[in-house]
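Student: I would like to learn how to read a few features of a protein model. Please take them one by one.

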Amino acid sequence: MALQSTYHNTEGWSLAKILSIVFHPLWMPMLIYMLTRWLDPYYVITARADRFVLLLLTVNIIAPAVSMLVMIRYGMLSSIELKNRNERLGPYLITIFYYLVSYFMLRWFAPELPRETFSFVLAIICSLVFSLTVNLFWKISVHMLAQGGVFGTLLALQRLHHAEVTLVAMFCVLMSGLTGYSRVKLEAHTPGQVYAGFFLGLVVNYLAISNRIMI
């Protein structure tokens with residue numbers, strides 16, 4: 001019986017680890033953008049500008065990941081999972097910096113970009129800034145922040161342009177549940193930190209995109 005219990009715990013941990021990687025927050029902005037292109041009939045963009053946005057989002061996956069791996073190499077981080085709240089400041093600031101640069105680079109293609117593109121990137125920056133502020137006092141789940149961002153974006157597209165998001169939103173809820181499970185199972189977060197991250201991401205993305213906020 002003890003051996004069986006140990007087996008199940010190991011299996012659960014392995015599944016949670018896989019889910020945590022599959023639903024890592026670094027690739028969620030790319031997912032949000034791809035869903036917007038697919039679901040929103042009013043999201044019209046030139047091919048050239050679209051390639052530029054995709055390039056920037058790809059860089060914002062690779063650059064923060066490489067930066068964190070370098071920090072791990074030099075002992076500044078213990079892991080890319082950022083379980084230690086006190087280790088999060090550097091990765092947060094690096095990621096915010098990359099997205100700020102991306103936001104202003106998008107200005108080069110402003111006439112060819114829907115306003116929602118700027119709102120989307122601004123929502124990412126604001127979510128990270130709010131999360132960083134909370135993190136100074138209490139650890140919040142960045143994985144769930146990203147999941148909430150996906151869900152909030154879907155709701156915003158439905159409000160703005162009546163995009164048909166029902167089935168994708170249902171899948172998003174499932175994806176969020178699995179991500180939350182993985183973070184709690186890995187003891188990276190408490191349930192409260194998971195819920196807080198999700199709702200912060202949801203609210204910021206919904207408000208920014210549904211009101212088409214940009215600077």
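Student: Which residues do ring pairs link into a cluster?

Tutor: This is a predicted model, and in it Tyr33, Tyr43 and Phe120 are joined into a cluster by ring pairs.

Student: How many aromatic pairs does the count come to?

Tutor: The count comes to eight aromatic pairs. One of them is formed by Tyr33 and Phe120, whose ring centres are 6.3 Å apart with the planes at 20°, so this pair is stacked. Tyr33 belongs to helix α2 (residues 28-39) and Phe120 to helix α5 (residues 115-135); at 87 residues apart, the two link distant parts of the chain.

Student: Are Tyr33 and Phe120 buried or exposed?

Tutor: Buried means under 20% relative accessible area. Tyr33 has 2% relative accessibility and therefore counts as buried. Phe120 is buried as well, with a relative accessible area of 5%.

A second pair reads differently in angle. Phe97 and Tyr98 have ring centres 5.9 Å apart and planes at 55°, so the pair is tilted. Here Phe97 is exposed, at a relative accessible area of 51%, while Tyr98 is partly exposed, at 24%.

Student: Where does the charged end of Arg73 sit, and what does Arg107 lie over?

Tutor: The charged end of Arg73 is placed over the ring of Tyr74, at 5.6 Å from the ring centre. Arg107 lies over the face of Phe118, with 5.2 Å to the centre of that ring.

Student: Next, the cysteines. What is a disulfide, and how many does the count come to?

Tutor: A disulfide is a covalent bond that joins the sulfur atoms of two cysteines. In a model, the step is to look for a pair of cysteine sulfur atoms within 2.5 Å. The count here comes to zero disulfides. Cys126 is in none, and its nearest cysteine sulfur, that of Cys172, is 20 Å away. Cys172 is likewise in no disulfide, the nearest cysteine sulfur being that of Cys126.

Student: Is each of these cysteines buried, partly exposed or exposed?

Tutor: Cys126 has 28% relative accessibility, so it counts as partly exposed. Cys172 has 1% and therefore counts as buried.

Student: How is empty space found, and what volume does the largest pocket have?

Tutor: A probe the size of a water molecule is rolled over the atoms, and this shows where empty space is left. The largest pocket has a volume of about 180 Å³.

Student: Which residues line the largest pocket, and which helix gives the most to the lining?

Tutor: The lining includes Met144, Val173, Tyr181, Pro191, Tyr195 and Phe199. Helices α7 (166-185) and α8 (191-210) each supply at least two of the lining residues. The most comes from α7, with six residues.

Student: How does the lining divide by class?

Tutor: Nine lining residues are nonpolar, three are polar and none is charged. Gly counts as polar in this scheme, and Gly177 and Gly180 are among the lining residues.

Student: One last residue. Where is the place of Ala163, and is Ala163 buried or exposed?

Tutor: Ala163 is in the loop between α6 (142-161) and α7. At 4% relative accessibility, Ala163 counts as buried. For a distance across the model, take the C-alpha atoms of Ala163 and Ser78: these residues are 85 residues apart along the chain, and the atoms are separated by 42 Å.

Key
Residues numbered from 1 in each chain as written. Predicted model: local features only at pLDDT ≥ 70, side-chain atom pairs only at ≥ 80, totals over all residues. Heavy atoms only, no water. Buried < 20%, exposed > 50% of the residue type's maximum accessible area, 1.4 Å probe, protein only. 1 Å grid on protein atoms, 1.4 Å probe; cavity = no way out; pocket = protein on both sides within 12 Å on 5 of 7 lines; lining within 4 Å. Points joined across faces, edges and corners; volume = space filled by probe spheres on them. Helix = DSSP H or I, 4+ residues; strand = E, 2+ residues; numbered from the N terminus. Phe/Tyr/Trp six-rings, centres within 6.5 Å; stacked < 30°, edge-to-face > 60°. Lys NZ or Arg CZ within 6 Å of the ring centre and 35° of its normal.
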